[in-house]
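My notes follow in the order I looked things up.

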Amino acid sequence: MNAMSNLIEKMTRVLTELRQPGKGSSMLVGVLLATTLAMSAANLLLPADSAFYVSTYTITLMGKYLCFAMLAMAVDIIWGYCGILSLGHGAFFALGGYGMGMYLMRQIGDRGVYGNPDLPDFMVFLNWQELPWYWFGMDQFWFAVLMALAIPGLLAFVFGWLAFRSRVTGVYLSIMTQALTYALMLAFFRNEMGFGGNNGLTDFKDILGFDLQADATRVALLLVTTLLLVIAFITSRAIVQSRLGRVIVAVRDAEARARFLGYRTERYKVWLFVYSALIAAVAGMLYVPQVGIINPGEFSPLNSIEVVVWVAVGGRGTLYGAIVGALLVNYAKTRFTAIMPDGWLFALGALFVIVTVYLPQGLAGLLQRFGRSESVQAARREEDAGSDSGISTREVNA
Amino acid sequence: MSNLNQFAGQARELLRRDTTWPFLVPRQRSPDVSKQVILYLEGLNVSFDGFKALNDLNLYVNDGELRCLIGANGAGKTTLMDVITGKTRCDSGSAWFGQNIDLLAHDEAEIAQLGIGRKFQKPTVFEAHTVFHNLELSLQGSKGVWSALTASLTSIESDRIDEVLKIIGLQNARFQLAGALSHGQKQWLEIGMLLAAQPRLLLIDEPVAGMTAEEAERTAELLTSLAGKHTVIVVEHDMEFVRSIARTVTVLHQGSVLAEGTMDQVQNNPDVIEVYLGEEA
């Protein structure tokens, strides 16, 4: 009898643990790796007329989706776990993208339309005589990557520090993030900024000496994207499962309580915001070489709002939910825009409404419903086991 | 010349041997209670848009005491707690924790780490976490971001959690989500969270609001058992409850102390009868 109740308690414990934030399945990682590896092999090894051949277009598309998945995860970390609804995460994504774009721009060298070895085409077009100071060093890959991480990270730190220290929360914070990305969009549209204005940066030739148009490069980019997504996923999971993750959820649910327990909640928020911005920046860096262009449109508030929809569909508060949501919605977008281009925004809006009303936990919540009914049963069984000291579980369920 | 004198004066002030520079004073230290008093509140004034929530309030609480604060709505009870815990800045006055810690110089998080725990009027627990994790998060120790990331539960900490679970009688709800607890259990859990931090001073706002008579009785037992090891200040409306736990009662009225003494003394005090108990009679 005692052994039985012990076992039941253990089971309850395991099930409760499973419902703790961040306990998504590692299955996702396996599926992601297997799928991308299979796709890569099918693209490189099979002849083009084989039934299983995967076109390079599909490879690039998949790479793009995975970048979006990473961005969705970044938003989920701060929205799902910390309750900070950022409607401006596209800004960090785009800044990372611009960092990579600048590197790729410098790699063009004298192969541009004007054949100027130092100046990118748009600068020659604008009659600029020399490279602006902030373009120096961007021909070095390591420096460009460093900048593509440092600038969004710094921006997130300063923004977060100012906002969270003043205890700005809720809708006001969302509006501020929206304003941030909108302001950056307007700034990057200006030719004088030196980032290619309206057209942005494009016409890339190669990355680290590899031709960007080659199949092998495309496949390699997809694999790198998958790998980094997996690393980001595992790191984020470790974070949300640590005590830090529990403090973050505590801040989401009862910030005042956490503060009166001695936690400096604003510091937690700032660092989480920076972490999230860095992941978004990495996603942007991987996005640009695969898509081949970065322009101020990426800063558009609409893009950032779309990310929130992906996360909501997948299920906020679960990391795998964000990834799955981003992949599904983007796949749907690709299919839908091919069939009915004008209808997509309506479909997106409808999707958001449906998910909010019927699936507040998203698809991940749908999956978890099964697990929850299981654990309720376990709790009932424990209740039957009975207890006489303190508060019985009977009262708990009442 | 006078400028120079002023400067010299300032320099002398700075180099006085019997003082310590503020930045050298450790932020976390235990209160000095050699005079038996743990909380000194003197001449506190707080006003919100002209409404005086606290009006020249003076209150001293002894170490290890169980003190009840009573008073009508708007008497300033919650504002007083806000001032002690650093949530509200007072317009004037002083608040010292022991003889050596100026509470007004610290913010909420620091005050919590100095050993002042506060329970809210409405029970506030981390609903998405289990009872166990609620207590884990409340444990005494470093509350920094990095230490939270690398933290792992030591056996001392887990013993402490077991001990607290026993005190609040929630051993069987250990792995329940806090959100699934009943109202009364949440109140206990919140008190347990304060205990896990091993505070010197507990501020408890309306612990029995919404509790059944039986639960209130258990809460009374819990609070009286805490006195001695901790200093407990309880704010409560329920006179029956106050009578059952109180040794010393302080009556607040319009932001200042109206009367202080045992429950009987207070109830027979003509001022109190007029402004507070009189209304009920």
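Before anything else, I wrote down what counts as a salt bridge here: a side-chain nitrogen of Lys or Arg within 4 Å of a carboxyl oxygen of Asp or Glu. I also reminded myself that this is a predicted model.

**Entry 1: between the chains**

I looked up one pair with that rule in hand. A:Arg257 and B:Glu190 meet through their side chains in a salt bridge, 2.4 Å from N to O. I then asked how many salt bridges the rule finds across the interface of chain B and chain A. It finds eight.

I went on to the interface as a whole. On the chain B side I have 47 residues, in contact with 38 residues of chain A. The two chains bury about 3800 Å² between them, and 60% of that is on carbon and sulfur atoms.

**Entry 2: helix 6 and helix 11 of chain A**

I took helix 6 (residues 141-165) and helix 11 (residues 265-291) of chain A next; their axes come within 8 Å and cross at roughly 150 degrees. Because of that angle, helix 6 of chain A is roughly antiparallel to helix 11 of chain A. I noted the crossing of helix 6 and helix 11 of chain A as right-handed.

For the contact, I listed residues from each side. Helix 6 of chain A brings, among them, A:Val145, A:Leu149, A:Pro152, A:Phe157, A:Trp161 and A:Arg165. Helix 11 of chain A brings residues including A:Glu266, A:Lys269, A:Trp271, A:Phe273, A:Leu278 and A:Met285. Sorted by class, this contact of helix 6 with helix 11 of chain A has 18 nonpolar, two polar and three charged residues.

**Entry 3: helix 12 and helix 14 of chain A**

I found the axes of helix 12 (residues 301-314) and helix 14 (residues 344-358) of chain A coming within 10 Å, with a crossing of roughly 45 degrees. That makes helix 12 of chain A oblique to helix 14 of chain A. Their crossing is left-handed.

By class I get eight nonpolar, no polar and one charged residues.

**Entry 4: helix 4 and helix 7 of chain B**

Last, I checked helix 4 (residues 131-138) and helix 7 (residues 183-196) of chain B, which pack at about 35 degrees with their axes 7 Å apart. This crossing is right-handed. B:Val131, B:Asn134, B:Leu135 and B:Ser138 of helix 4 meet B:Leu189, B:Gly192, B:Met193 and B:Ala196 of helix 7 of chain B.

Terms used
Residues numbered from 1 in each chain as written. Chains lettered and ligands numbered in written order. Predicted model: local features only at pLDDT ≥ 70, side-chain atom pairs only at ≥ 80, totals over all residues. Heavy atoms only, no water. Axes fitted to C-alpha atoms, helices over the stretch in contact; angles between N-to-C directions. Helix = DSSP H or I, 4+ residues; strand = E, 2+ residues; numbered from the N terminus. Parallel < 35°, antiparallel > 145°, perpendicular 65-115°, else oblique. Left-handed = near helix turned anticlockwise from the far one by under 90°. Contact = heavy atoms within 4.5 Å. Nonpolar A, V, L, I, M, F, W, Y, C, P; charged D, E, K, R; others polar. Buried area = accessible area lost by both parts, 1.4 Å probe.
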